[in-house]
Amino acid sequence: MVILVTGGTGTLGRELVPRLRSRDAAVEVLSRRQHPGFRTGDLSRGDGLDAALEGIDTVVHLAAGKDQAGETRGLVDAMKRHGVQRLVFISIVGIDQIPFPYYVDKLAAERTVLDSGLGVSVLRTTPFHSFAAAPFLGQRLSPVLFAPRLKIQPIDVREVAVRLADLAQGVPRGRVADVGGPSILAGHELAREVSRRFGWSKPIVDFSLPGGTWASFGAGYHLVPHHRSGGRTFAAYLASL
Ligand SMILES: NC(=O)c1ccc[n+]([C@@H]2O[C@H](COP(=O)([O-])OP(=O)(O)OC[C@H]3O[C@@H](n4cnc5c(N)ncnc54)[C@H](OP(=O)(O)O)[C@@H]3O)[C@@H](O)[C@H]2O)c1
């Protein structure tokens, strides 16, 4: 069985690809870049897709460009042309409840996958530790640390990779149970963890924003308190940086 990973060069893909190879899976990686060992293709333009799907049995679709719905439709159509039957898709917890534009696009892509008639597995996850940390790390030079008045459930990307590897090597299961990180932390708790890790003593300033999207995050639709994974905590992730 040969597996093509779209987005195999990204944060999640760089964890998934070696994991699959360590299980003796034959893995190809789709990238827009021309690089030895990659299959070159661009999902938004459709370039290179037909060649990239030659000899492929399963696609794990992680890539997310500016038009995920259109990119995913193009991928599904190309898979059907080439008789590629199996598709594993990474999605995001709460996308059907939160009108954030990236989530609206992801939901349309997810629906394309679920309605494709292919043998599919879809996993929704909460944000990775690196994604949760980035807004704070970006404030390194700021005299204060702004923290959203929201809760976040960051997950170890390696846990997500293990689940996707299992799905890629198993039978299609449709939408599987959502997964989230081991702890749910308020924005100021994340800020405190980052400050502790880097020895910052700057004040933490909570903020909220108006509007329906913020209110939906405030309602916690992006959290899965009953589906906590194992794996390292946010503090352990920061310690590894
Ligand atoms: N980050 C999170 O916290 C999080 C949480 C839940 C779900 N997810 C989902 O997990 C997936 C992976 O996230 P990530 O953080 O690993 O992404 P990432 O690091 O930003 O990587 C994005 C990947 O998409 C590929 N890509 C972008 N546009 C493309 C195009 N037009 N054609 C082909 N490939 C394209 C890039 O490949 P090249 O640059 O090599 O072409 C790259 O490998 C995404 O679908 C994301 O929505 C992420």
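The model is a predicted one, so local features are described where pLDDT is at least 70, side-chain atom pairs count only at pLDDT 80 or more, and totals for chains, interfaces and linings use all residues. Residues are numbered from 1 along each chain as its sequence is written, and side-chain values rest on heavy atoms, with hydrogens and water left out.

The sheet comes up first. Seven strands make an open sheet with parallel pairing, in the order β3-β2-β1-β4-β5-β6-β9. Strands here are DSSP E runs of at least two residues, helices are H or I runs of at least four, and both are numbered from the N terminus; two strands pair if DSSP finds at least two bridges between them. At the edges sit β3 (38-40) and β9 (174-175), each of which pairs on one side only. Further in, β5 (residues 86-92) runs parallel to β6 (residues 119-125), and seven bridges join the two. V88, for instance, has S121 in β6 as its bridge partner. On its link to β4, β5 again runs parallel, this time with four bridges, and T58 has R86 in β5 as its bridge partner. Six of the seven residues of β5 are buried, so this strand is largely enclosed by the rest of the structure. Buried stands for under 20% relative accessible area, exposed for over 50%, and partly exposed for anything in between (1.4 Å probe, protein chains only).

Next comes helix α1 (residues 13-22), whose buried residues are G13, L16, V17 and L20. Looking down the axis of α1, these buried residues fall within an arc of 95°, so they line one face of the helix; the arc is taken over the directions from the helix axis to the C-beta atoms. Cover for the buried residues of α1 includes β1 (2-6), β2 (26-31), β4 (58-61) and α6 (157-169), with contact meaning heavy atoms within 4.5 Å. After α1 comes D24, with a positive phi near 70°.

What about the ligand? It is surrounded by 26 residues, the closest being T9, S31, L62, Y102 and K106; a residue is counted if one of its heavy atoms lies within 4 Å. Polar contacts are pairs of N or O atoms within 3.5 Å; within protein, one must be able to donate a hydrogen and the other to accept it, and residues adjacent in sequence count only if both atoms are side-chain atoms. A polar side-chain atom of K106 lies 2.7 Å from a ligand oxygen atom. A backbone N or O atom of G7 lies 3.4 Å from an oxygen atom of the ligand, while a polar side-chain atom of S44 lies 3.4 Å from a ligand nitrogen atom.

T72 belongs to helix α3 (residues 68-82) and, at 1% relative accessibility, counts as buried. Apart from neighbours within four places in sequence, T72 is in contact with H61, F89, A109, T112 and V113. E189, in helix α7 (residues 187-198), is partly exposed, at a relative accessible area of 29%.
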